[in-house]
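Please look over the sequence and the model, then read the points below.

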Amino acid sequence: MCNFIGENNFFGRRCVWVNGPVIVGAGPSGLAVAACLREQGIPFVVIERSDCIASLWQKHTYDRVKLHLPKKFCQLPRLTFPQEYPEYPSKKQFITYLENYAETFDIKPHFNECVLSAKYDEACHFWRVVTVSKTDLTRSETEYMCQMLVVATGENAEGVVPEIDGLEEFSGEVIHVRDYKSGKSYNGKKVLVVGCGNSGMEVSLDLSNHNAKPSMVVRSSVHVLPREIMGKSTFDLAMMLMKWIPLWLVDKLLLILTWFILGNTQNYGIKRPSLGPLQLKNHHGKTPVLDIGAFQKIRSGDITVVPGIKRFNRNSVDLVNGETIDIDSVVLATGYRSNVPYWLQETEFFAKNGFPNGWKGKHGLYASGFTRKGLAGASADAIKISQDIGKGWKEVSNKNKNKQKVPTLRRCISTF
Ligand SMILES: Cc1cc2nc3c(=O)[nH]c(=O)nc-3n(C[C@H](O)[C@H](O)[C@H](O)COP(=O)(O)OP(=O)(O)OC[C@H]3O[C@@H](n4cnc5c(N)ncnc54)[C@H](O)[C@@H]3O)c2cc1C
Ligand SMILES: NC(=O)c1ccc[n+]([C@@H]2O[C@H](COP(=O)([O-])OP(=O)(O)OC[C@H]3O[C@@H](n4cnc5c(N)ncnc54)[C@H](OP(=O)(O)O)[C@@H]3O)[C@@H](O)[C@H]2O)c1
């Protein structure tokens with residue numbers, strides 16, 4: 001993460017006018033927008049804080065992760081997955097696909113540049129986007145000026161680290177799941193996995209597969225669904241049913257089928273929310289777990305389910321049910337958050353939690369990848385955004401070629 005409280009290094013700042021939009025983030029969402037713009041011949045600049053594309057996937061996901069939705073729901077616009085890819089591509093395959101995607105559409109992000117702030121200049125009618133690049137010895141700032149800004153920094157930009165009593169007293173290793181790679185180094189250890197979303201479940205499974213002893217904290221409730229029902233992807237099945245019957249009924253059907261496959265999850269300490277899985281996702285953005293084997297390990301006792309945490313001690317944790325268990329390490333699978341409120345100086349379109357109200361704001365502001373619909377949502381956003389930008393771009397190009405803009409720009413730059 002970059003330090004968002006940047007000092008305003010007035011004289012050291014480089015100014016760059018961008019003809020076309022600035023896209024912040026070179027994850028799948030940013031790449032998809034860039035590819036759709038490239039197709040229309042619209043220039044753009046992509047800014048990425050990391051040194052590679054798709055840094056979430058390359059640097060902050062565990063080795064065993066696979067796409068949990070079938071590949072047809074995860075491919076980006078204009079380029080399908082290679083035919084030989086399995087139904088659920090691995091992390092490595094997905095990264096290879098994204099690298100090929102960037103190459104195919106000639107997307108060359110400005111790497112190692114973190115956006116510190118972005119603000120619409122009402123007087124000059126353009127966005128001022130300030131970035132910082134740092135090495136051990138140097139720090140340089142750049143100010144990009146542009147008439148369109150696409151925010152594609154992701155729903156999972158930063159890991160959420162909750163404040164839990166006594167955590168700082170705990171003597172073992174504590175990491176966020178963003179930094180977890182594999183259970184290899186946990187062999188024989190008692191590991192507390194805090195959180196039971198897809199990350200918590202999959203990390204617990206991985207730990208168990210590496211002969212660690214995971215205890216997974218389930219403090220409230222969660223929907224666990226099998227990834228497949230009768231050989232068909234549960235997600236695909238739900239999408240199909242939703243075309244014909246109301247959401248609540250799809251939920252009921254999914255839960256009945258799940259009951260036949262997994263049984264009553266409550267018998268194993270996993271309470272179900274009162275709202276169905278799709279309704280919960282739609283109304284509260286809470287993703288159901290698509291189980292790929294963790295639940296079987298819970299049933300067999302290889303993964304222990306424990307209730308909420310009261311406090312940590314030096315080598316143990318007190319739980320809300322009065323029990324204390326010894327632990328060696330902690331993995332916080334406690335979710336993610338957007339970082340947009342730290343750098344975007346705008347309060348109408350983006351809410352305080354860093355999520356926008358739709359895909360299009362005012363003054364050429366766009367948001368891609370914030371609909372809580374995963375990669376399919378990112379692709380849909382990219383298509384809408386690029387079409388909208390393309391429409392405006394054509395109109396302006398047809399009118400005149402920068403007659404007005406250059407003097408305005410000069411005037412605005414001279415106000416520095
Ligand atoms: C473990 C895991 C597995 C997942 N599996 C699936 C799946 O199977 N299917 C699915 O549909 N979704 C999945 N998701 C959801 C995931 O969010 C999307 O797959 C996808 O990564 C979203 O793309 P994005 O480009 O919107 O965000 P990201 O992939 O997070 O990319 C955002 C980029 O913006 C950069 N950035 C952030 N802040 C700044 C800044 N201030 N300045 C410059 N650059 C910045 C980041 O470095 C990053 O490269 C998964 C998520 C996780 C955590
Ligand atoms: N294979 C895959 O494709 C894959 C794998 C992993 C993740 N993902 C995706 O990545 C996104 C994030 O998933 P995620 O699992 O990392 O996060 P998440 O779904 O937000 O889950 C966070 C979990 O942490 C718990 N939690 C938070 N604070 C806690 C605390 N103080 N004490 C105890 N529990 C606490 C939450 O419990 P409450 O519910 O009680 O708040 C919840 O169970 C999702 O979209 C998911 O689908 C996909």
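How many nonpolar, polar and charged residues does the shell around ligand 2 have? The shell around ligand 2 has twelve nonpolar, twelve polar and three charged residues; here Ala, Val, Leu, Ile, Met, Phe, Trp, Tyr, Cys and Pro count as nonpolar, Asp, Glu, Lys and Arg as charged, and the others, Gly among them, as polar. The model is predicted, and local features need pLDDT of at least 70, side-chain atom pairs count only at pLDDT 80 or more, while totals for chains, interfaces and linings use all residues. Residues are numbered from 1 along each chain as its sequence is written, and chains are lettered from A and ligands numbered from 1 in the order in which they are written.

**Domains**

- The protein chain is divided into domain 1 (2-157 + 338-414) and domain 2 (160-335), with bounds that come from an automatic or database domain assignment.
- The centres of domain 1 and domain 2, taken over C-alpha atoms, are separated by 32 Å.
- Ten residues of domain 1 are in contact with 14 residues of domain 2, where contact means that the C-beta atoms of two residues, placed from the backbone, lie within 7 Å.
- On the side of domain 1 that touches domain 2, five residues are nonpolar, two polar and three charged.

**Surroundings of the ligands**

- Ligand 2 is surrounded by 27 residues, and the closest are His68, Gly195, Gly197, Ser199 and Gly335; a residue is near a molecule or strand if its C-beta atom, placed from the backbone, lies within 6 Å of it.
- Domain 1 and domain 2 each give at least three residues to the shell around ligand 2.
- Helix 4 (residues 198-209) gives the most to that shell, with four residues; helices (H or I, at least four residues) and strands (E, at least two) are DSSP runs, numbered from the N terminus.
- Ligand 1 is surrounded by 35 residues, and the closest are Gly25, Gly27, Gly154, Gly369 and Gly374.
- By class, the shell around ligand 1 has 17 nonpolar, 15 polar and three charged residues.
- Helix 1 (28-39), helix 2 (55-59), strand 4 (114-121) and helix 10 (374-399) each supply at least two residues of the shell around ligand 1.

- An open sheet of four strands has the order 3-2-7-22, with parallel pairing; two strands pair if DSSP finds at least two bridges between them.
- Strand 3 (45-47) and strand 22 (365-367) stand at the edges with a single partner strand each, so one side of each is left without a neighbour in the sheet.
- From one strand to the next, the twist averages 20 degrees; angles run from 0 to 180 degrees between N-to-C directions, and axes are lines fitted to C-alpha atoms, for helices over the stretch in contact.
- Strand 2 (residues 22-24) and strand 3 run parallel and are joined by three bridges.
- Val24 has Ile47 in strand 3 as its bridge partner.
- Helix 1 packs on the sheet, touching strand 2, strand 3 and strand 7 (149-151), and its direction makes about 160 degrees with that of strand 2.

**Helix pairs**

- Helix 1 and helix 10 pack at an angle of about 35 degrees, with their axes 8 Å apart.
- The contact of helix 1 with helix 10 has eleven nonpolar, three polar and one charged residues.
- Helix 5 (residues 234-242) and helix 6 (residues 247-262) pack at about 145 degrees, with axes 9 Å apart.
- Thr234, Ala238, Leu241 and Met242 in helix 5 meet Leu247, Val250, Leu253 and Leu254 in helix 6.
- By class, that contact has seven nonpolar, one polar and no charged residues.
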